[in-house]
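Hi there,

Here is the structure I promised to pass along. Have a look at it first, and my notes come after.

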Amino acid sequence: MERITSFCVDHDFIDEGIYISRIDGDITTYDLRTRKPNCGDYMDNITMHSVEHLFATYIRNSEIGDKVIYFGPMGCRTGFYLLIRDADNGVVLEEVLEVLKKIENHEGEVFGATRKECGNYLELDADAARKEAARYRSALLSKKNDFKYQTGEEK
């Protein structure tokens, strides 16, 4: 059986950052890696779920909102996938940083935090999302974001 692309990346060399996971025609899949894999520091479900609700809402209402195909969490709880049509890496990075800033400054309840709107509405926490967004935004601002995975050969 053919291995999927995301299993072909050596997770020992992934750090916090934003990477291009794959390109399929006009759709680019971005790996928004909020945590270093396999280091025991994973997002808890409430944080992951809360960031998902806020980020998905803000990105779909951004300058690139009409190009957003999907935003959602990785099962390993170390980041998110963002799929964009006709992506421009510089613009995507700019919008990701802006959305993280909006989450960091978000006031009020998490979007979609009602029984009618969400299948697990009791596991949402705006403060957890704000803290995660601030931490990840700081990590992105502190490094060069070339969208390429490390291979270990760089060291």
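This is a predicted model: local features need pLDDT of at least 70, side-chain atom pairs count only at pLDDT 80 or more; totals for chains, interfaces and linings use all residues.

Residues are numbered from 1 along each chain as its sequence is written, and side-chain values use heavy atoms, with hydrogens and water left out.

Let me start with helix H3, which covers residues 126-141 (helices, H or I, at least four residues, and strands, E, at least two, are DSSP runs numbered from the N terminus). H3 reaches 22 Å from its first C-alpha to its last, close to the 22 Å expected at 1.5 Å a residue (the expected span is 1.5 Å times one less than the number of residues). Its buried residues include Glu132 and Tyr136 (buried is under 20% relative accessible area, exposed over 50%, partly exposed in between, with a 1.4 Å probe and protein chains only). Seen down the axis of H3, the buried residues fall within an arc of 150°, so they line one face of the helix (the arc is that of the directions from the helix axis to the C-beta atoms). Turned away from that buried side are the exposed Lys131 and Leu141. Strands E1 (17-24) and E2 (27-33) are among the elements that cover the buried residues of H3, as are helices H1 (45-60) and H2 (89-104).

Strand E2 also holds Ile27. Ile27 and Leu83 are 56 residues apart along the chain, yet their C-alpha atoms are separated by 6.5 Å. Leaving out residues up to four places away in sequence, Ile27 touches Arg22, Ile69, Leu83, Ile84 and Arg85 (contact means heavy atoms within 4.5 Å).

Enjoy exploring!
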